[in-house]
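User: Hi! Could you walk me through this structure in plain words?
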Amino acid sequence: MIEEFKNIINILARPYIMFPAMIVAFIFIFPATDGLMKINRRLGLYKLWTNNGGIAIFAFLFLGFGFGLTDPNFRAIVTKPDNVPIVGLIFLVVFFLWFALKQAWENDEREAKGLRPNEAEDAKENILVWPDLVYIEFIAMLLISALLIVWAIVLKAPLEQPANPTVSPNPSKAPWYFLGLQEMLVYFDPWIAGVLFPTVIMLGFMCIPFIDNNRKGLGYYSFNSRKMAISIFLFFWLILWIFLIITGTFLRGPNWNFFGPFEYWDVHKLEALTNINLSEVVYMILLNQRLPDNILLREIWGILALLGYFTLTPLILAKTFLKNVYNRLGPLRYSIFIIFMLLAASLPIKMFLRWIFNIKYIVAIPEFFLNI
Amino acid sequence: MTETKPSTPSSNPTPVPQPPTMDRRTFIKWSAVGWAAFAAVIGGYGTMIVRYLFPNVLFEPKQEFRAGLPEEYQVGEVSERWKDAYGTWIVRDSEKIYALATICTHLGCTPNWMQNEAKFKCPCHGSGFYMTGIHFEGPAPRPLERYRIFLSDDGEIVVDKTRKFQQEKGEWSDPESFVTV
Amino acid sequence: MGVDERHYNIEKLNKIFAIASLTLLTGVGLLFYNDYSRKWKDYQGEYQNLEIEKTRVKLDDENAKLKDDAEFIKLQEDLQKAKANFADQCSPAKLQDIAKANEGINSHSEILKQQYRVIKAQLDTAKFHYEEIAAKGHGDVKVAEIRYKSLEQRTKQLNQRIQNDDNKFANNKKTIDDCSQTVRDLERNERALTQKSTILDRKLKKIDPNEMSLTNRIANLVRNLPVIDLANPTVKVQQIVLKDIHDDLNFMTMPKVDRCTTCHLGIANPDYKDAAQPLRTHPNLELYLSKDSAHPIESFGCTTCHEGSGRATDFVTAAHTPSSEKQEHEWKKKYNWAEQHHWDKPMYATPYVEAGCFKCHSGQTTIKGAEKLNLGLQLIERAGCYACHSIDKYKDWPKPGPNLEHLASKSTAEWTYRWIADPKSFRHNTWMPSYFNQSNNSDPESKARSQQEIHAIVHYLFAESSEFKMKSMPQPGDATKGEELVASIGCFGCHNIDHSQKKMTRDRTMLTKEQGPNLIGFGTKTSKIWLYEWLKNPQRYHPETRMPDLRLTDNEAADIAAFLSKDTNESFNNQPIAPINDKIVDDLVRGFLQKSLSEVETEAKLPKMSRDQKLQFAGQKLIAQYGCYSCHDIKGFKGYKPIGVDLTEEGSKSTDKFDFGFVKIEHSKQAWFTQKLRDPRIFDEKKIKTPDEKLRMPNYNFSEKEAEAITTALLGFVKDKPGKSKPRTPENLAIERGEQIVREFNCQGCHIIEHEGGAIKDSISDWLVKYQGKDKSEVDTIIKTFSPPNLNGIGKKVQSQWLFEFIHKPEIVRPWLKVRMPTYSFNAAHLNSLLKYFNALDKEEFPFTEHANTTLTPTELIAAQKMFSPDYFDCTKCHIVGNQMPSGSQETWAPNLALAGKRLKPEWVIDWIKNPTAIDPATKMPTFFDPQNFSESGPPDIFDGDENEQIRVLRNYIMSISTLPPQPISMPTATLTTNPAATAEQSK
Amino acid sequence: MSDQPNALAKFLDWLSKTQVAKAIFRTGIPKNRRQRMTVMLNNVFLHLHPVRLPKHAVKIKYTWCMGGLSFFVFLVLTVTGILLMFYYRPTVEYAYGDIVDLREQVPLGIMREIHRWGAHLMVITVWLHMFRVFMTGSYKPPREFNWIIGVVLLVLTMLMSFTGYLLPWDQLAIWAITVGSNMAGATPILGAAGPGSNLLALGDVNFVTSASDARFAMLGGRFVGEGALLRFYVLHCIGLPFIIMIFMIIHFWRVRKDGGISGPV
């Protein structure tokens, strides 16, 4: 019975199930538009951000972990010293997410009633920094020091065999905070996953204050007045950042194969490498002929698709779904915004293409190390 | 810096005691020269740092070795000459010479070449590979890897272990993965 | 001031700023230039130009050769014909169709293969999945199985189709190939013939700008520009990192790094033999640097042997050492050369370059190829430097001088006085060095003192001399007979008789003849009876002597004694002996007394001593001071330590530890050593010293060449031991030990061992001319027969047991030889070492235990006797068998076959009969079996002409011949000890 | 007993009035409002803070204290890092053994654990700080520039952690860095395995090779070896801390200059 249950979890945890599920849930939990907000309200999902909701979330988390720890495979992965921070990260992120949104929804409700946010009430009064702030900071330092010391005593820092450049461990993993990038390597070439995306992420983050021209919600927690910004941010932050790290750390085993949380990391596990390039799909499967020798001719379909993606989509979106956004941001801001969005969206798109059509590369020019 | 603004002289009717030496153009010239030179200096510093990052000599263990002339290898022979020193088999078939890594793709043991059965056999878990490196028995998931191989200026074979070619990725057709003889 | 609140004129400031910026920019530019301009880059440019030139010449040569190569011309004709034929026979249009069809198949199969890859991957996964589910028991096994099976089925089908395609393709290809077979074969031959030129051409295209495309030419210029040279320069620092050879960094070591090849680019390239430095090829590439040599550059680098600073990339900092003052001036001018005071190991100057060999090859006695070093080492051995200066290599060597404990029975006090005062005046080439009348003690005062010192020493020696019993001689001796004996029995292996006063530089062959003293002036030095006793048993007078016992009969000994004592040295006898001067003797004694007593005590004690007591006392102190006991056994000096500096690590001593005094020479180790060897007392020059403070090292009168050789050896005595030349296997150790014994006892004076030695040959040919009446030309052909045997290959040839017994107690193998194998006072350890040595040299098993079956069936015996008989090989024509002498003349005589059974190794006999010249090219043994036509060479009527069988049977016969009664061999002191089992068997 | 606090208070009072105490602590014990204000102004460490704050800004509920904690953990890492340098030699021969020794025999070698877990913690606190700043909309004008600085600091934090990851020189370290640095090798144009690397070539001469690309400059070698260890060590201990410190100074300075901690307008 329990085995069956674990098996189901293992299957559910597979990226091609888990990931779409999370995206769907995300859309409703963090509604980006008024329409979605209505659905959210109707489903009562907002109740997650109340004290009871918090208790429920944490009860679920703790129960889940508690149950998981009874399984040796799960235990082995989760209690590996270098993975402990990620477990902590899960709890902290969930907690602070709940904590932030709870305050945000409270403020939203106040706003709906025509009141100013809680912070504004507080801000009416000024306080001398000595001793209140200095003191709590001091206490925080003490607590965090104590935490570090206890942590250091309980968990030894990992130290494996001496470095051996000829024997690579299987799997070889980057430091955990880069595992999101490494996970992307499954779907993209290193120059995209390892160079282009980090650069874009950095630039994108830096651009946030300049793209988001919504003046509301400064200096207090809120959701409703900036739901678009928050939803997009949380999508990156929670799904494309934290969730990918968790996948990379806990669910990727030997040969970078996927393993469910309760699955044994069997080196022999095989995953069918049945991926093919777009050009092969077009020429070999659809047209039933050989690949052309001319590179440009061979890859023209992929190149067209890419061009279309980056030129047509913004135009269409500006006229349809994102009309409001376009109006609010103006052409320059909108262009920058949409390029970042499309780049970001390319990851889930590529994932789906892989899962559904076994597409390896849209454009594959190994002659120039250029694979997209 | 009022002088730099083109509007200043007209907007400032009170005569300012200015040294009557340089006209505006010489002034701009000097300042431009100065800043250009300064920019060049900064560029020079930057270049210096970049160049500094690339050492002139390396102390890395050699990843490349010379394996003698192609004539030293018989057609159909798997040479074990460089197995111990460089972890490489040099194989010559009727058309080409290639270098196989002596690392089993299963768990990394070193297989043995069985001359009589014409196959590589891994002693750890029994994976078997043909002379080409293709796996045909045992748990090995993929063929043996090949190293980059080329002829030096004086006709000697050079094997470069920094680059590997994997059959399952279709890399064995890469012209650097073999030497035609 | 002013409305702008300013002090400076902004325009002026701008100007100053511009100037400041420009100044800094110039500085940065200079910085880049300074970093970029290096002398070694010029050398590399030079090398590249030379490479282009040389490659072009080679290519032209190769092409010219090809042009004239008949084979190549024919091949090209054939090829043309074949191509024409090809067009005729295999209608190209049809082939094109086939090729086209193949292309179609190919594209078809490519798609199939794509599908196959996908399905195969799925199959593998399905298989794993099926296995996993079946093993763990959860999930639906059936479904998994069905999926697996169906996939397997599909894979098989696909595979079938692919194979069909492949077969079709292969068939088509074969059709094409078959047609073009001849053309392709010929083309391959052409490729093989033109390979050299192709390679050269390719190389030239890579390095010669004239052969390059424009972009490559630009790239070649650009890649070496500053900053851009980070990427892929052609001009770059070359280095060799030696993982196994370490530099000593005081208490720790680091792998050696040599960058010498950055400038010395042609060092391992044989094309640069005549190039100017630094590009010139290293001499003797067969031994050094090349990949197959004993010292490949990749594993030895440069500074391992040459010293110097390997990491340097500049001429001066590399610590090059000039080999002469002239060169030094040249270098100073050309390179701004200066001595590197902060690098302790400068390069060996060219004359002393062999010093570098010693640090690895210290265990060897002779180091092949290092002639100067060998001479230096041999001189050190012969001169006995190790007696006063301890040297690790020679710690087991005997004292070089004779025993003086019974001196009174050998010589007179007068002779001894004159001898010590000036040994060279008695024997011009003696190895006894001169202590007196040297540069620091030849002023009148010192001279007077020296005379009294000699008196004291002589007094001590004679007073302490104990009795040596001498019997009377059987007869007065015949000097003429003695002279012939000396010439014939082999004395000249170790001695010579040389009256010429010529000063000459000794070479290594000469040194083997100076193993013992020059046999002149004995009439003056000693008595006939002493000589007689000495010749009869040298060990009795001097237990440690290396002089062997030649088993002389009483008469022979008397004859030789008579001959030797005939030679006198009258001028030596006429040298004056100064009278004893009591005042000076008192001074001497006073001086020594004051070292342990106060002045008052000294003055009180001195008058109480008699003259004899004084001389005895001073003599004893002087022998200690001069270290006479180091070389000679003298009563009362047992356990005294050697007086000289330890030389084991002399080459590693830093230059500042040497006292150059006021002598104006170059401040380098080699200069100091050379100066010291030329004149050991030179560094006392212009110094004020009391007599006992003066330098004491005696003068050996080394020639310049000898001094240089010894200096080379001394420079090689270094601290660091990068490794031994050969692995420390028992065999290699045995060889080292054996070589040492061979050198110590001068075996190579008579025998050729390891292709060296045998100088006695000259004196034997003199003997043949003088006493046997042969003429010179005849002598050359027979000399080998009358010389001691060549011992190359002895380990393969003779049985160890026999050799052991033979060396211990020689028996007669070659009765026609006059020269005798002496009996040495070897102990069992010596003998075993020698046997191991000879066997190890020939890579033979030791101890030799396995014996081939040498029994004969009756038919074989008959056949063997037939072959042995005069009708066939006529063995007894030359070979002695037992007591039966051969029928031929003495010049052709060969060893006693009756000894073969116990003497020779059976396998060797086979090899020997088969082809004697292969073993010894100069042998007189006829070659009965023609190696060119072996299967037809034997007598056809024996064993149906089976040569191998014939040889085997003949061997077995020879091994069984014995007409001598078996002799019991008495071995009281020595037995073979290496293999107890073998010993046990023997004793049965 | 009842006298004691009085006596202690008196003693402290006296102590705070001595010339030494006054020379060091200008303000004395902050008792009244003026003193509470001047203590913040006069102390070099405390003057990072403003004197007065709106009440919400003091509440943990609002700030989560993540920024402050990030800085504090950074200080902890600095101190433990400096101490670790006393026992650690960044060479291939010694590095691993020194780490083993920290575990086995160095007094309070647990410093390494604190350093490692502190590093992980800092990454987390920095992320959460960023999360909080976003959720309260604090990046909005006038704080745009400080947000950018913040992003730079976040990247630097991860680089610090990344460079430190190699130093134990064990399998975990070199392979994590190998995986991480291989990505640099895929840099377009400048990485040997990146797209367009063969464009930077003239004729047969390739200028971007595995011995002259971005990855090589980072590692000081063609693979993670001696050069990489030393480079990462220097970056980890000197280079990046130096840069991060500069950015931190700007960050803190701008917090104050941009109107203090964010709050509702």
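Predicted model: local features only at pLDDT ≥ 70, side-chain atom pairs only at ≥ 80, totals over all residues.

User: Great. Which domains does chain A have?
Analyst: Chain A has domain 1 (2-160) and domain 2 (175-219 + 272-372). The bounds come from an automatic or database domain assignment. Between the C-alpha centres of domain 1 and domain 2 of chain A there are 30 Å.

User: How many residues of each domain are in contact there?
Analyst: Seven residues of domain 1 of chain A are in contact with five residues of domain 2 of chain A. Being in contact takes C-beta atoms, placed from the backbone, within 7 Å.

User: And which elements are on the domain 1 side?
Analyst: On the side of domain 1 of chain A that touches domain 2 of chain A, the elements giving two or more residues are α2 (15-29) and α6 (84-112) of chain A. The largest share, three residues, comes from α2(A). Helices (H or I, at least four residues) and strands (E, at least two) are DSSP runs, numbered from the N terminus.

User: Switching to chain B: how many helices and strands?
Analyst: Chain B has three helices and eleven strands. Its order from the N terminus on is α-α-β-β-α-β-β-β-β-β-β-β-β-β.

User: What about its domains?
Analyst: Chain B is split into domain 1 (22-54) and domain 2 (64-180), with 55 Å between their C-alpha centres.

User: How much of chain B is buried?
Analyst: Of its 181 residues, 22% count as buried. That takes 20 or more other C-beta atoms within 10 Å of the residue's own; 12 or fewer is exposed, in between is partly exposed, and C-beta atoms are placed from the backbone.

User: And chain D?
Analyst: In chain D, 49% of the 265 residues count as buried. Its secondary structure is twelve helices and three strands.

User: What is the radius of gyration of chain D?
Analyst: Chain D has 25 Å, whereas a compact globule of 265 residues would have a value near 18 Å. The radius is taken over C-alpha atoms, and the globule rule is 2.2 Å times the number of residues to the power 0.38. The C-alpha atoms of chain D fill a box of roughly 90 × 55 × 30 Å along the principal axes.

Definitions and conventions
Residues numbered from 1 in each chain as written. Chains lettered and ligands numbered in written order. Contact = placed C-beta atoms within 7 Å.
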